[in-house]
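Here is a short report on a protein and its ligand. Look at the structure, then read on.

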Amino acid sequence: MSTSSTARSIIATVLGLAVAASASCAPPAPRTARGDPIERSDLVLGTVCTLRLLDGGSEAALDAAFARLREIEDRMSANKAGTTVAAVNAAAGSGPVKVPADVLFVLGKALYYWTLSGGAFDPTIGPVVKLWNIGMDGERIPSVSELQAALPLVGAGSVRIDGAASTVYLPRAGMLLDLGAIAKGYAADEVGRILLERGVKAAVIDLGGNIMVLGKKADGTPWRVGVQDPSDDRGSYIGIAELPGGTTVVTSGIYERYFVGEDGVHYHHILDPATGYPVRNGLVSVTVIAESSIDADGLSTTLFALGLERGMALAESLPGVEAIFIDAENRVYASEGAGSIFRLSDGAYTMATLP
Ligand code: FAD
Ligand code: MG
């Protein structure tokens with residue numbers, strides 16, 4: 001049925017790690033005063049997560065951070081049985097489900113981005129995601145009738161939250177929550193909090209390309225974080241952003257989770273809740289730079305779904321948020337503030353401005 005990109009992207013992810021660590025967030029050589037860096041990678045949240053402690057911290061800090069990542073996966077994954085999200089989904093149309101405070105928080109943020117995007121970002125996109133299954137076993141082009149049956153089940157406006165009882169209710173059977181566009185950002189924020197609480201003074205958090213830098217580099221220079229080249233393997237960059245500690249860089253793109261159908265068309269994983277098909281607006285990626293990773297993750301998907309003009313207008317209206325859009329013609333559009341922190345490398349891409 002299709003040519004899957006999944007194996008290729010997983011390999012690229014793993015191979016890219018060494019490059020990512022040296023080229024994008026490159027710390028200087030280890031300094032004895034700070035001790036050797038401590039690094040650990042593991043497969044969590046459906047991706048390779050790497051934590052690199054450069055100043056302070058310990059194996060115990062890494063244990064705590066990875067335990068929290070697994071807890072978030074066990075609560076928020078839509079892909080595995082037994083999670084809180086799976087329980088909410090299984091009870092759709094029959095009754096509310098009690099959820100932990102973090103699930104309520106992430107869902108609340110997702111509903112905020114649903115409102116902000118006018119519905120282009122929708123955490124109830126699950127029934128459509130399941131039909132396409134992009135990046136999973138059995139990815140395929142759904143039939144028009146399957147999509148027509150699924151679309152009425154999508155609509156975050158009908159989600160009922162009872163904050164006092166800490167419950168979530170999906171009122172129609174077949175509705176499915178999918179927090180995949182925002183939960184990784186929350187996970188990065190949580191890892192940052194845990195590491196700081198455990199005495200880490202400088203670190204790089206990389207949750208499958210969702211980057212957060214903490215603290216100061218040993219030589220006092222800004223962190224240098226690469227913006228992924230959409231047409232190359234993970235670890236290749238179109239340019240570098242120079243950033244202070246406490247900044248996150250999150251990209252939504254169409255180049256890792258996709259398949260090419262028998263019709264030769266490239267089908268990717270950011271789906272239009274109005275049509276059920278992958279969003280086609282000429283963009284290949286949107287990178288958001290901000291302080292909060294849950295917001296950067298929610299926004300990267302939101303800005304992608306809104307497209308260049310509306311997405312850029314939204315980014316410019318939000319304080320503390322910068323965005324870099326790349327289109328299929330290799331043009332790079334940076335928000336006003338991003339222009340001063342991001343430098344394009346020599347290569348196939350050119351900076352462009354909106355008319
Ligand atoms: P983003 O742009 O941030 O998000 C895109 C994802 O959001 C899509 O894949 C889809 O799930 C959803 N989405 C699509 N369209 C919209 C829309 N219009 N509005 C809102 N959401 C939309 N991957 C695996 O392969 N196996 C796993 O077991 C697995 N478990 C995961 C568990 C957790 C808790 C999380 C957070 C992720 C997991 N993933 C897993 C990855 C997940 O399936 C998504 O592919 C991933 O989160 C996408 O992140 P992104 O940053 O690439 O893209
Ligand atoms: Mg996102």
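## Ligand contacts

A backbone N or O atom of alanine 120 sits 3.0 Å from a nitrogen atom of ligand 1. This is a polar contact, a pair of N or O atoms within 3.5 Å. A polar backbone atom of aspartate 122 lies 2.9 Å from a nitrogen atom of ligand 1. For alanine 181, a backbone N or O atom is 3.4 Å from an oxygen atom of the ligand. Taken alone, ligand 1 exposes 940 Å². The protein buries 88% of that (Shrake-Rupley method, 1.4 Å probe).

The model is predicted: local features need pLDDT of at least 70, side-chain atom pairs count only at pLDDT 80 or more, and totals for chains, interfaces and linings use all residues. Residues are numbered from 1 along each chain as written, chains are lettered from A and ligands numbered from 1 in written order, and side-chain values use heavy atoms, without hydrogens and water.

## The shell

Ligand 1 has 24 residues around it (a heavy atom within 4 Å). Gly180, Ser252, His269, Leu271 and Thr301 come nearest.

## The sheet

Nine strands form an open sheet with mixed pairing, in the order β2-β3-β7-β8-β11-β14-β15-β16-β18. Strands are DSSP runs of E, at least two residues, numbered from the N terminus; two of them pair if DSSP finds at least two bridges between them. β2 (38-44) and β18 (350-351) stand at the edges with a single partner strand each, so one side of each has no neighbour in the sheet.

β14 (residues 283-290) and β15 (residues 322-327) pair in the antiparallel sense over six bridges. Leucine 283 stands opposite aspartate 327 in β15.

Notes. Polar contact = N/O pair within 3.5 Å; in protein donor to acceptor, adjacent residues only side chain to side chain. Helix = DSSP H or I, 4+ residues; strand = E, 2+ residues; numbered from the N terminus.
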